[in-house]
Amino acid sequence: MRNGRWSWVLDLALLFLLTTYLLRPYWKVKYNENWSSIESTFIADARMLRDHWPRPLWQPYWYVGTRFDYIYPPALRYGTAAIAKYTGLDPAKSYHIYVSFFYGLGIAGVYFLARVGLRHRGAALAAALATLVVSPSYLVLPKVARDMFWNGPARLNVLIRYGEGPHMTALAWIPFVLAFTWLAWRRRSWSWSVAAGFAATFVVANNFYGATALAMLFPVLVWALWVTERDWRLLRYPALVPLLAYGLSAFWLTPSYLKITLHNMQYVSSAGSEWSAGLAAVMLAAYLGVSYVKYRDQPERTWHIFLFGSLLFFTVNVIGNYYFNFRVIGEPMRLVPELDLLWIYAILLGLLWLWRHGRRGQIAVGAVLLVTLTVHSEFLRHPRAVAPPGVDPKATVYWRIPEWVAAHYPNSRTYVTGAVRFWYNTWHDLYQLGGSSEQGLQNPNIVPLQWEIILGRDPRLATAWLQLMGVDLVAVHGPDSEEAYKDFTHPKKFDGHLKEVYSVKDDHIYEVPRRDRSLARILDRASLDALPKIRDQVDLEGLEKYVAVYEQGPGATAATAWKGTDELNFEGRTEAGQSVILQTTYDPSWRAESNLGLLPVTEDRLGFVRIDTPPGVTQIRLVFEKPLEKRIGEWLFFVTLLGSLGLLWRDRRRTRLVA
């Protein structure tokens with residue numbers, strides 16, 4: 001047993017070190033030439049968190065304000081920010097260290113699950129090494145194959161080229177969740193259930209596509225374990241896993257978070273289809289029926305049943321989406337790395353069968369390995385070329401635009417687009433109309449009005465929206481700009497309409513005319529209440545009525561200033577029959593204190609904070625308080641944590657490592 005334990009430790013350590021060596025350039029780099037990568041989102045988010053450590057409640061910099069916890073699950077953003085804060089490293093390098101570490105852990109996890117399921121050390125090592133190098137999905141997904149570099153695997157491509165560090169980190173934890181659940185069942189061990197629950201917590205806390213993959217794989221594993229033993233009492237062990245995962249996530253995974261994320265999926269993915277859901281239901285029924293009839297009470301078939309079911313659902317989901325637009329929820333093509341993993345397990349299961357069936361089978365296995373090594377020889381010869389070379393950001397538009405705004409308009413809200421918006425908050429606390437994580441926005445007006453600004457031809461419509469959203473500047477990138485996306489369909493539409501205040505290398509910034517640069521408007525209440533509902537983003541007549549009230553109303557001016565992230569201060573003077581609009585997104589957790597006492601906070605028709613003030617108000621302190629659901633979630637987190645520790649204490653003598 002002792003030798004068996006050390007073989008596990010040795011193999012896991014060597015696989016992690018090998019992956020670390022191959023990925024060493026990515027560990028070391030700060031900024032690279034891949035400026036269009038979405039990794040900028042996570043770097044900027046971590047920088048803001050580092051500078052407002054430890055627990056900001058509101059995010060005033062994106063989407064005219066939104067709850068900080070809505071932006072993204074917390075693990076990667078806190079992990080990266082903590083590395084940056086406590087080591088003094090640049091947030092960009094901290095991000096690469098975080099995701100590189102878990103990429104190596106993920107390769108070790110492939111080995112761990114394979115060895116638990118197959119109970120074969122050599123096959124488990126082969127599975128991990130194959131995952132490090134190959135992508136079987138390239139054989140049937142030509143567009144994905146054409147996008148690869150150096151014949152490297154898809155999971156490495158999406159990590160480096162597309163910046164999907166959170167997804168790959170979540171994927172790293174999935175094999176451990178499944179393996180720990182398997183051990184909990186077979187060992188009748190609460191300790192392994194607790195370990196699986198903690199691992200599942202890290203899956204969800206890093207990325208929702210990883211959580212989606214786990215939500216597909218976990219029930220298949222539980223079914224495979226149950227149908228091969230059919231002992232209902234054992235279901236208590238896997239049942240604990242999702243309970244622990246939710247309890248440990250309750251402080252951030254609140255009901256409103258789930259609601260707004262599901263609502264905002266319309267901005268980041270296409271809707272599912274009824275025929276896809278129907279086909280999925282038929283496949284599920286067929287899988288359950290066939291596996292129950294043919295393999296019940298056969299514990300030695302657990303791995304086969306799990307692998308067959310998982311492979312069936314992921315293949316139809318991903319390949320079906322690629323060729324037939326099959327879609328139940330989300331974007332199935334994001335799950336290519338998970339499909340690769342399952343196909344690698346399946347191929348190795350077949351090769352293991354061949355190996356055990358005589359010399360001809362062993363020759364066939366050798367031939368497969370030789371072909372694989374030949375096809376991927378380029379990647380194996382140049383593993384350190386996987387990361388783009390490091391570059392100086394100061395020579396790029398992604399640095400120049402935010403640096404110029406920070407120097408000349410530091411407290412103004414700007415509309416930036418393309419990859420510039422991704423990098424906009426990487427170095428400075430700057431306010432923008434958009435942001436880098438649409439699934440977290442609260443104000444429903446933000447997306448359609450941005451479509452009009454970048455796609456529409458009429459500068460009057462765009463200007464009206466910018467004025468109403470409290471935007472002072474709009475950055476436009478022409479066809480000769482180095483900016484990657486160039487979102488504006490008509491980049492010249494503001495010429496002669498707005499004042500140009502910046503022009504370098506076909507990158508232009510225009511100033512939006514506003515009554516003043518404050519985020520507060522003191523408005524006549526009757527005029528405000530008389531405004532009609534804006535029909536849509538091209539309702540110029542309706543927009544002009546709003547602009548007349550917001551920008552051409554009473555002459556009283558007001559000043560606003562953010563204090564940290566969770567407090568917005570107002571200074572001005574209101575008269576009878578007036579209201580104050582603060583151009584940050586409304587949320588029920590805002591509380592307004594004035595020199596005359598507490599004031600009611602409501603939502604105006606543009607989704608902003610509205611305060612109907614009595615005469616004589618000169619100061620308002622708008623504070624975002626911790627929502628009740630978060631306080632309840634924190635208590636549930638601590639109760640779950642204590643319960644988990646209690647189970648570990650009770651079960652400590654029963655935990656055994658599978659040899």
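In strand 7, His508 is the bridge partner of Ser503. The strands discussed here (E, at least two residues) and the helices (H or I, at least four residues) are DSSP runs, numbered from the N terminus. The model is predicted: local features need pLDDT of at least 70 and side-chain atom pairs count only at pLDDT 80 or more, while totals for chains, interfaces and linings use all residues. Residues are numbered from 1 along each chain as its sequence is written, and side-chain values use heavy atoms, with hydrogens and water left out.

**The five-stranded sheet.** Strand 6 and strand 7 (residues 507–511) run antiparallel and are joined by five bridges. They belong to an open sheet of five strands, in the order 4-3-5-7-6, with mixed pairing; two strands pair if DSSP finds at least two bridges between them. Strand 4 (431–432) and strand 6 (499–504) each have a single partner strand and stand at the edges, so one side of each lacks a neighbour in the sheet. Helix 19 (residues 397–408) lies across strand 3 (413–415), strand 5 (473–477), strand 6 and strand 7, at about 25° to strand 7. Contact here means heavy atoms within 4.5 Å; axes are lines fitted to C-alpha atoms, for helices over the stretch in contact, and angles run from 0 to 180 degrees between N-to-C directions.

| Strand pair | Bridges | Opposite residues |
|---|---|---|
| Strand 11 (residues 578–585) and strand 15 (residues 608–612) | Five | Leu582 and Val609 |
| Strand 9 (residues 559–563) and strand 10 (residues 567–571) | Five | Ala561 and Asn569 |

Strand 9 and strand 10 form a hairpin with three residues between them, and Gly564 in the turn has a positive phi of about 70°.

**A helix pair.** The axes of helix 15 (residues 302–324) and helix 16 (residues 336–355) come within 9 Å and cross at roughly 140°. Helix 15 is therefore oblique to helix 16; angles under 35 degrees count as roughly parallel, over 145 as roughly antiparallel, 65 to 115 as roughly perpendicular and the rest as oblique. Residues in this contact include Trp303, Leu307 and Phe314 of helix 15, and Leu339, Trp343 and Leu349 of helix 16.
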